[in-house]
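Hi everyone, thanks for making time. Let me put it on the screen.

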Amino acid sequence: MKRRTILKGAGALALGSTLGSRVLAAGPTKVGFIYVGPIGDGGWTYQHDQGRLAVEAEFGDAVETVYQESVPEGADAVRAMTQMALQGAELIFATSFGYMDQVLEVAAKFPNVKFEHATGYKTADNVGVYSARFYEGRAVQGTIAGRMTRSNVIGYIASFPIPEVIRGINSAFIHARKVNPDVQFKVIWAYTWFDPAKEADAAKALIEQGADVILQHTDSTAPQAAAQEAGNVITFGQASDMAEYAPLPRVSSIIDNWAPYYVARTRAVMDGTWQSDNTWDGIGKGMVGIGEISSAVPAEVKAEAEALRDAIAAGSYHPFTGPLRKQDGSDWLAEGEVADDGTLAGMGFYVEGLEGDVPS
Amino acid sequence: MDLTSINPVLLIASLMVAATPILLAAIGELVVEKAGVLNLGVEGMMITGAVVGFAAGVNTGSPALGFVAAALGGAALSLLFGLLTQYLLSNQVATGLALTLFGLGLSALIGKPYEGIKSPTLQKLDLGPLGDLPVVGPILFGHDPVVYLSLLMVLGVWWGLGHSRAGLILRAVGENHDAAHALGYKVVRVRMAAIAFGGASAGLGGAYISLVRVPQWVEGLTAGAGWIALAIVVFASWRPWRALLGAYLFGGVTVLQLNLQAAGLAIPVEYLSMSPYVVTILVLVLISARGQHGAPGALGRVFHGTG
């Protein structure tokens with residue numbers, strides 16, 4: 001792909017000071033990946049594995065990648081990461097929020113191994129965090145959803161009540177309301193990242209209660225299938241394009257593109273220039289992609305969504321721009337004010353207009 | 001909160017769909033356990049049935065053939081368990097757990113080419129004007145054939161275990177295999193038949209997830225449904241109608257909690273999610289307090305003809 005851009009990125013990283021020179025081990029650099037679901041989920045984990053394959057394609061025999069699928073969040077992750085570190089992995093990507101404390105625990109035991117934790121916020125000397133600004137994509141989805149809904153009920157299958165998910169709900173809601181003031185959100189917390197049967201049931205429950213647009217923050221394509229069966233319901237691909245459900249029910253998608261980041265960080269470890277970082281990129285840097293808006297969307301809505309996408313990419317528009325209030329009616333952002341990253345990273349509240357409570 | 005947005009008729013109808021896979025698996029496992037065999041491989045057999053059924057459904061274009069293939073696939077895997085535990089006398093708990101792990105891996109292997117493919121879905125049974133009746137129409141007459149099959153199987157197992165000669169022999173084998181053996185019954189053969197029935201039922205349950213409920217193939221599709229089926233057998237204290245009740249209770253709670261959330265109910269959903277398990281534990285405590293746990297006497301014990 002854009003190998004030159006990647007090289008530039010890696011060069012920029014190389015300018016940073018090194019934390020300590022790595023003893024050059026004989027043989028390939030071993031890179032480990034911890035996945036929360038199976039790589040065949042067609043969504044989140046699939047995209048991370050695409051990143052792993054990109055690392056292999058980039059470095060060939062110079063790297064060896066190992067991965068473990070369906071690692072539960074919690075104590076089991078310690079075992080999985082410890083095993084990888086003992087096997088000689090020099091860089092480990094832990095690709096789910098719920099591994100956060102386990103990453104720090106294992107990282108403390110293996111100071112020479114570098115850890116990269118997806119969507120978390122706790123760092124250490126050998127722990128970096130990275131995430132994508134999925135809420136930028138949610139803004140585009142919200143716009144399309146608000147324009148396309150006829151019942152004015154939009155269903156949202158949420159996973160866990162963590163800032164990343166809450167940001168997504170808020171962003172989608174703000175932009176759906178912006179184009180359609182009558183829009184209402186129904187949120188179901190599935191308490192899972194991956195459980196196709198439950199996701200399908202959640203989608204069906206939302207559809208039975210009148211939703212004709214389903215947004216999902218879970219990883220499987222089951223809600224897409226449920227929407228297809230119901231007919232007259234539109235969905236959005238999550239994490240992966242899910243193009244096999246286009247043009248209907250899937251009308252667009254958020255695509256996570258981890259490959260450039262994984263390649264750059266692997267290179268940094270190989271060069272000995274790796275240092276703990278906190279990366280949070282969005283549409284502009286290409287970490288978040290907007291999947292093709294399908295022919296089921298009217299041209300003017302498509303144009304509107306694409307204009308929003310481009311404005312976000314260019315940095316001229318921020319999805320959380322005031323005036324915005326919190327759900328309880330208190331002021332959050334004044335006219336023209338833009339949310340700071342700190343607030344966004346820890347977001348635990350709904351914006352005004354959303355019904356129901358964030359589970360605690 | 002707006003509870004009026006929940007339509008109770010649709011709720012009951014989707015509850016039945018959500019409960020069917022675990023009901024199928026549970027009724028099969030109930031027969032296996034009644035024969036004195038504890039097969040913890042339900043999850044593995046379900047997911048194997050799910051992938052085999054899906055593959056057959058996609059390749060032949062016929063969901064019905066998919067279900068047949070799923071039953072055969074589940075039965076084949078269960079016979080592997082039977083061979084190990086009945087002829088080679090391996091430990092049933094360990095073998096059952098191994099069967100689950102094996103089934104999960106095998107299904108991922110078989111399923112690779114089928115990811116992201118859509119299956120032909122089972123048409124709902126068209127019962128003409130019956131399906132259009134208010135209230136009872138969607139609940140009783142608006143389902144696909146497998147829902148009715150699962151109910152017929154409960155009826156069949158209830159009748160078979162309690163009122164047929166074969167059922168009495170099967171229960172004798174499960175209660176005291178040495179006595180049954182002394183009477184001249186082929187303990188191992190009876191158990192192999194029960195195990196195959198359990199495998200076929202689990203396979204059907206798995207295929208119901210991949211062909212009807214979800215309907216597609218992804219790795220890890222069954223997501224623990226087999227374990228719930230095992231819990232239901234205990235909850236039911238080995239009685240078929242209670243298994244039906246248990247399955248609909250478990251399925252019902254799953255669907256109900258999603259609906260309550262969508263309606264904006266403020267109570268924490270965790271309580272609702274854990275309620276079936278709490279009820280299972282309570283039932284266990286109750287039946288052991290009564291001193292009659294209802295478990296087959298020879299459950300999980302190794303049988304050797306000379307012993």
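**Chain A as a whole**

Let's start with size: a compact globule of 360 residues would have a radius of gyration near 21 Å, and chain A has 20 Å, which agrees. That radius is taken over C-alpha atoms, and the globule rule is 2.2 Å times the number of residues to the power 0.38. Please keep in mind that this is a predicted model: local features need pLDDT of at least 70, side-chain atom pairs count only at pLDDT 80 or more, and totals for chains, interfaces and linings use all residues. Residues are numbered from 1 along each chain as its sequence is written, while chains are lettered from A and ligands numbered from 1 in the order in which they are written.

Along its principal axes, the C-alpha trace of chain A spans about 60 × 45 × 40 Å. The chain has 11 helices and 14 strands; these are DSSP runs, H or I of at least four residues for helices and E of at least two for strands, numbered from the N terminus. Buried residues make up 53% of chain A, where buried means 20 or more other C-beta atoms within 10 Å of the residue's own, with C-beta atoms placed from the backbone.

Now the domains, whose bounds come from an automatic or database assignment. Domain 1 of chain A covers 3–132 + 257–281, and domain 2 covers 134–256 + 296–326. Their C-alpha centres lie 29 Å apart. The contact takes 15 residues from domain 1 and 14 residues from domain 2, contact meaning C-beta atoms, placed from the backbone, within 7 Å. On the domain 1 side, helix H2 (residues 44–59) gives the most, with 4 residues.

Here's a helix I like: in H8 (residues 222–230) of chain A, the buried residues include A:Ala222, A:Pro223 and A:Gln224. Its buried residues pack against elements including helix H7 (196–208) and strand E6 (153–158) of chain A. Just after H8(A), A:Gly231 takes a positive phi of about 75 degrees.

And how many residues of chain B are in contact with chain A? There are 33, meeting 32 residues of chain A. H11(B) gives the most to that side of chain B, with 6 residues.

Finally, B:Ile232 touches B:Ile22, B:Ala26 and B:Phe250, among others, not counting residues up to four places away in sequence. That's my tour, so over to you!

How values were computed. Two residues are in contact if their C-beta atoms, placed from the backbone, lie within 7 Å. A residue is buried if 20 or more other C-beta atoms lie within 10 Å of its own, exposed if 12 or fewer, and partly exposed in between; C-beta atoms are placed from the backbone.
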